[in-house]
Amino acid sequence: MARVKNEARRALTWLGAIVVGLYGALAIGVLTGGASWTPSLALDLAGGREIVLAPTLAEGSDQTIDQADLDQAVDIIRRRIDASGVAEAEISTQGQNIVVALPGNPSEETVDLVRQSAQLQFRPVLVAGSPAASTATDASATAEPSASASAEASASAEPSADASASAEPTTEASASAEPSADASSDASSTEPAEGTDASSLDWITDDVQAKYDALDCTDPENLSGVTPGDPTKADVACDQDGFAKYILGPVEMDGTDVDTATSGPEYNSTGSLTGRYEVRLELTNDGGKKFADITGRIKDLESPRNQFAMVLDGVVISAPSVSTSITGGQASITGSFTQESAQQLANQLKFGALPLTLEVQSEQQISATLGADQLQKGLIAGAIGLLLVVIYSLIQYRALGLVTVGSLAIAGAITYVLIALLSWTIGYRLSLAGVAGLIVAIGVTADSFIVYFERVRDELREGRSLQAAIDHGWRRARRTILASDAINILAAVVLYMLAVGGVRGFAFTLGLTTLVDILVVFLFTHPILMLLSKRPFFAHGHKWSGLDPRQLGRDTMYKGRGRIVPTGQPTLAERKAAAAGIGAASAPAQDDTRPEGEEN
């Protein structure tokens, strides 16, 4: 008995510590001014700021803006906003316009990210290294970006019969330079002399080296929406997937030098398919001449200085290496491309080639699209659902139903503080779809309690004592509960990964509340039931306890030490004794008129 009480109290102590810790963290956030006691609301509940952008081409341009260009612009803006930590933003196209709706009161920095036009730049690579920030000591070690980065982006160019270039990935491309062994030794506090070629390490000044060392490409904020540096000087940038970081020389080409870009299957020199995909880059006349000069200069340099980086929106989207001069104004980039990734790179290059700017057509505050009225109705629906669950629990389980009520209250308190903390730490905003997920969670949580209670009552029907019924019932019920919750979590993860907009909010809250359900069942519901089993009110099966034998289809409950209440059916202990040929004490099966609870 002492062991059972100690286990139950230990679990409840852990739960109390978790709850206190969560609310303590939120209180610190409120006192420091960064958090609020209430969760942040999404656009559909709190309104926000709407910006309508009109893509326009430079005067005199004969190019056109198609839906693929608009989709690429939407993708770039979405990446910028996601990196800034703003959640539940709505970005869509309406005709030729792009409509961006930001929830709440977004900062001016976030609004500027939306207004900013993407720029495509071509810069030579001077240094490549691992993505994490490093100190001066760390920089002396050889930095190697992950294989996945070089496998997709790095390629060596080989001329083909039609004077275009086909790119083949090489192991040499995956190796990176030693930032301080060569680069930092040449670093200076002054800019290089006029006329210095863009691949010279003289461009790496003390300031550039310090900026490179401090750059952390594992931080999502550095992977999109980055303002490009001075095109006439060296700059640092991250790979778009965060696998590497670079020191880049001055800009030698830009989007105006690109005519178009396409993707498709790769062919070898004999015209046969290789089974891989490539990106075909077509340059303008001026762009082709510049590209020939660049590739002729860098083809004989050591890795990674034989690479040129394509930089869009301040991040490197590809950095292929070159082994020969590429003339003719055409080149192809190959590597470990899938059809989708090749198409994505082609779209990025094509979009960057457009002389496109995003002009703000209108900018205004918008009210909540669903508003407080819909939120109120949603909360009323949740309250009705909760009330029905409570009524059902009290009717079906009587006093035991109070455990359900307490468990739901604890689960609600933990879920609330978690959402408030996530609003503070990651910018999460609660939408109406998220509220729907919270309402569904009431049923998920109640289902776990019903599974547990019914398992215990099944064991009582078999004639076990309450303590034995709880032990056996818990071992059987927890497997069912974990299996059910695991399916819910898997469904929430898949839905979150594949869906967009408000559906992701529903999936997020559903997954979060399912995890809370597991925590509450293990650290509150089961320990509370273990403690209640020591109370005579529950242990003796009082008619209002929810564990009354007569309600469960039996007229008795085994009390232990051979003590039983009269019954017309043998108990589990009696059946075992009869099977062993040993007599067991029993009472007459018929005409039992003694008061309930009276013992033999």
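Predicted model: local features only at pLDDT ≥ 70, side-chain atom pairs only at ≥ 80, totals over all residues.
**Exercise 1. Determine the handedness of the crossing of helix 14 and helix 15, and how the two helices run relative to each other.**

Solution. Residues are numbered from 1 along each chain as its sequence is written, and side-chain values use heavy atoms, with hydrogens and water left out.

Next, take the axes: those of helix 14 (residues 432-461) and helix 15 (residues 466-498) come within 8 Å and cross at roughly 150°. Helix 14 is therefore roughly antiparallel to helix 15 (angles over 145 degrees; under 35 is roughly parallel, 65 to 115 roughly perpendicular, the rest oblique). Axes are lines fitted to C-alpha atoms over the stretch in contact, with angles from 0 to 180 degrees between N-to-C directions. Helices are DSSP runs (H or I, at least four residues), as are strands (E, at least two), numbered from the N terminus.

**Exercise 2. Locate the disulfide and state what it ties together.**

Solution. A disulfide (cysteine sulfur atoms within 2.5 Å) joins Cys217 to Cys238, with S to S 1.9 Å. The angle about the S-S bond is -90°, a left-handed link. Cys217 sits in the loop between helix 9 (206-214) and strand 7 (235-238), and Cys238 in strand 7, so the pair ties together parts 21 residues apart in sequence. Both Cys217 and Cys238 are buried (under 20% relative accessible area; exposed is over 50%, partly exposed in between; 1.4 Å probe, protein chains only).

Methods: Left-handed = near helix turned anticlockwise from the far one by under 90°.
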